Amino acid sequence: MTQAAPATTSGTTTFPLKFSLTPSTAARTEIEREEILADPGFGKKFTDHMVAIDWTLDEGWHNARVMPYGPLQLDPASSVLHYGQEIFEGLKAYRHADGSIWTFRPEKNAERLQRSARRLALPELSEADFIESIRQIVAVDGDWVPSAPETSLYLRPFMIANESFLGVRAAHQVGYYVIASPAGAYFSDGVAPIKIWLSTEYSRAGRGGTGAAKCGGNYAASLLPQMQAYDNGCAQVLFLDGETSSRIDELGGMNVFFVHGTDTLVTPRLTGSILEGVTRDSILQLARDRGLTVEERDVTLGEWQDGVASGAITEVFACGTAAVVTPISQLKGPNLSIGDPDAPAGEITMALRQELTDIQYGRLPDRHGWLTRLDAPAGQA
Ligand code: COI
């Protein structure tokens, strides 16, 4: 059975969707909200509303709505519950000093959601509808965008197959949703350097698999090795490539970078099994801007080990929307230790982090046109 043509060509959803609004009757009071915003943590509390859009094979995308946040009603036979046909995104809304609300490169998330949809045989949502869905949640829950330093409203768009059918084929009924969660630092120690654990037993993705897609299954597969990381005092798990187990792939939920000397930034090339991170791409650009030599290429575990031993590799860091830029002090594994657990955050790591967040929070000019204002009508920034 082949999947339907993208909804954008179905005839019914060629134009941007119009959203209806059903306001929550159980919205938190200002005092309750402020209490949550004072210490948001990551991914623990959610705003008063959510966005939902339905898709069927016959109608394409329809019934776009903003509704009270609450449980989804899913038939127990829904295909997502059995075959994991699910994809998601992560991006943030930032409050600038003048109170305005902005997001960062949402078109990159829209494109990646489309790529993930293609890989998971889900329907594509147009970039315009994706960005409008983000605008809609912020229009109704904008007060939930915190203003304390380095906090944001984390936006989680996701798409699930919700057809009640146990045959194994692409679903004919799908739901797209956006939920929002006020966020502080992803790691409990803030931006302090983390230790990471090398999984020698498990891979995250293989050739031709779903590694480049942002689908729940990739993260489900990372949870057991992630537990092993925790058991070994590490905050994240590192995966090697599934074919040769020699090349650095990525962490459970973020990309990885190496600073060589004071002038070169290296990150694993996109092989099809690595997630094309928006933060990864932005860091590469900021590094080029400051005159660093940038290399996207294979990085072996041996190079990491030898590079740290010889002093050629001076800094290592992880990056992602949730993690922003997080220094890595040590890689641990069975019979392996690279780096010094007490090493301070690297200078280049922290300079790149500072510059990225300065742009995101409007403290530096947006020289690449990366920001989209969310609390103003489309096209007006
Ligand atoms: C993100 O950085 O937005 C992610 O989706 C990664 C996840 C570990 C929170």
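How many salt bridges does the structure hold? It holds 24, a salt bridge being a side-chain nitrogen of Lys or Arg within 4 Å of a carboxyl oxygen of Asp or Glu. This is a predicted model, in which local features need pLDDT of at least 70 and side-chain atom pairs count only at pLDDT 80 or more, while totals for chains, interfaces and linings use all residues. Residues are numbered from 1 along each chain as its sequence is written, and side-chain values use heavy atoms, with hydrogens and water left out.

Select Arg-112 and Glu-89. Their side chains meet in a salt bridge at 2.7 Å, N to O. Arg-112 sits in helix α3 (residues 106-119) and Glu-89 in the loop between β4 (86-88) and β5 (91-95), so this pair ties together parts 23 residues apart in sequence. Helices (H or I, at least four residues) and strands (E, at least two) are DSSP runs, numbered from the N terminus. Both Arg-112 and Glu-89 are buried. Buried means under 20% relative accessible area, exposed over 50%, and partly exposed in between (1.4 Å probe, protein chains only).

Next, select Asp-281 and Arg-105, a salt bridge at 2.9 Å, N to O. This pair links distant parts of the chain, 176 residues apart: Asp-281 is in helix α6 (residues 278-289), and Arg-105 is in the loop between β6 (101-104) and α3. Asp-281 is partly exposed at 27% relative accessibility, whereas Arg-105 is buried at 8%.

Move to Asp-375 and Arg-373, whose side chains form a salt bridge at 2.6 Å, N to O. Asp-375 is partly exposed at 35%, and Arg-373 is partly exposed at 25%.

Finally, select Glu-150, Arg-353, Asp-358 and Arg-363, which salt bridges with shared partners join into one network.
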